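Hello,

Here is the structure I promised to pass on to you. Have a look at it first, and then read on for what turned up.

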Amino acid sequence: MSSFKRFTLLFGLVLSGMAVAARADWCPFCTAVQQTFAEQMGTSDIVIMAELIQLPTEQPKDDQLPKAMFRVTEVIKGQPDVIATGREFTSIIVGQPEVGQSFLLMGVDPPEIAWTTPLRLSPAATEYLRALPKLPAKGVERLKFFQDYFEHDESMLAFDAYEEFARASYAEIIEMKPLLDREKFLKWIQDPEVSTNRKRLYFTLLGVCGTAEDLPLLESLLTSEVNETRRGLDAMVACYLTLKGESGLDLIEREFFVNPKSEYVDTFAAISAIRFLATEKNDIPRERILSALHKVLDRPALADLVIPDLARWEDWSVIEKMVTLFKNSTEDTKWVRVPVVSYLQVCPKPEAKLAIDELKKIDPESVRRAETLLKWESGEDEFDEDNGDSDTKTETPDATQPAPFESKKGGDDGTAEPIEVSINVPIYEVRRLPTAVSERPTSVTAIHSVATAQFVSTTSDVSPDLQSSETNTEKAAPAALVASAPNIGSSLAMIFVPLASFVLLFLLLWSVFNGWFERLIF
């Protein structure tokens, strides 16, 4: 296979990995890490099981890896005229395996097949892989098979089973309720050896199949002062509220919204759980959810976490509270000013317009930034972000324009499509995250965009409440730098410059180490 073809294959795998992270309809609290066996098999031309019949007989050259002889024992995928049982071939070998051991190999671009590195198989793995092609593409029967491999002794299989569930939609998980093993989930969420990602999955599944008998355990975990017992807190809160219902919000408010000792990551996790329930389920009245989120506004250092949700759900009952947040903000909480202005900009009430005029006299720069971001998100580019003296006049909403929260679809009238943002990042790995935006007007998207920018500040600008958070271990960029309004050119540059650098570096390495590098990868 030519170097260009192999480069194309490798680059395609990189892009497919990026696509894995971009899916928004998977398990809401699970993080898909890499391709599953089923996905790898689907993108390969040939999938076989082979027996090692001869170890390398010659010492490889410096730029090569050793090759061993294999015999095909079973063809899982492949045309008979290309690959068949009994065929012998050579492929690279890693480690010191024994003759007679079974391996999984995948290949592309026949007839000159480029093989992947052989994967040693146990009897359990062999049966697992044989079953994959026979499973339906999605649905209850497929998930039922993978549930049997949760926490399997062979970590490779347990990990793949988790990946399959991480890709399942919440609707599919609900359909599987009669088949879920509640007792095992209760055991695993209390096991300190189980990883956080898997605990998130088990909390999600317990929220579907659990009962009121599980509430005391969940309450003890939620109120524990030991951080180790509260791993996967976002999924834990969602599980608890799913089983407890509206009355469970009292505990969440007390522990994570009102409690001044609650760290940023914990409050963020609780808000994420409530946001999921408000989007995917309707068990808790929206008015009660909004009432709970209002409690966060009393903690200025964390108020930005809920401002986008209040705007998205058209809660205009806190205009005065927003103005107070703006006026009372200090050097440690001044990032809240732009999200507040963005909230007021999309509010249809006349008092919001009056409030913006009042706040512009206090801090015209924050108002300018909010207006610039709103224009940028709306596709209006008639502004210069470097012009600090640009006109920031807030115009009265035109009655002929769509209401701020009407769904805008692209069409003959020239209205713009809403911008969709999907984020699937573990909450403990970042300092500030915007909430996911789906089918939302661009004006609300602007609030999320500015919330992300405004909350990054220097370590010295962080309040004591935030300094205690484990997410503040990394030095952040100056607020003045990250809070400036982005333009389209800089955004594209941020995406394509690193990508172009990566491609150029890869091509250089490919040309220099052509023979050795090809064998290392394939």
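How many residues does the largest nonpolar core have, and which of them have the most contacts inside it? This is a predicted model, and in it that core has 111 residues, with Ile252, Phe257 and Tyr343 making the most contacts inside. Helix H12 gives the most to this core, with 11 residues. There is also a second, separate core of 14 residues, and Ile48, Val72, Phe89 and Ile113 are among them. As background, nonpolar side chains tend to be buried together in soluble globular proteins.

The buried ones are Leu233, Asp234, Ala235, Met236, Val237, Ala238, Cys239, Tyr240 and Leu241. Their cover includes helices H8 (196-209), H9 (215-222), H11 (249-257) and H12 (264-280). Just after H10, Gly245 takes a positive phi of about 90°.

Finally, the cysteines. The structure holds 0 disulfides. Cys209 is in no disulfide, and the nearest cysteine sulfur, that of Cys239, is 8.4 Å away; a disulfide would need the two sulfur atoms within 2.5 Å. Cys209 is buried, with a relative accessible area of 11%. Cys347 also counts as buried, at 5% relative accessibility.

Enjoy exploring!

Best wishes

How values were computed. Residues numbered from 1 in each chain as written. Predicted model: local features only at pLDDT ≥ 70, side-chain atom pairs only at ≥ 80, totals over all residues. Heavy atoms only, no water. Buried < 20%, exposed > 50% of the residue type's maximum accessible area, 1.4 Å probe, protein only. Helix = DSSP H or I, 4+ residues; strand = E, 2+ residues; numbered from the N terminus. Contact = heavy atoms within 4.5 Å. Core = buried A, V, L, I, M, F, W, Y, C linked by side-chain atoms within 4.5 Å.
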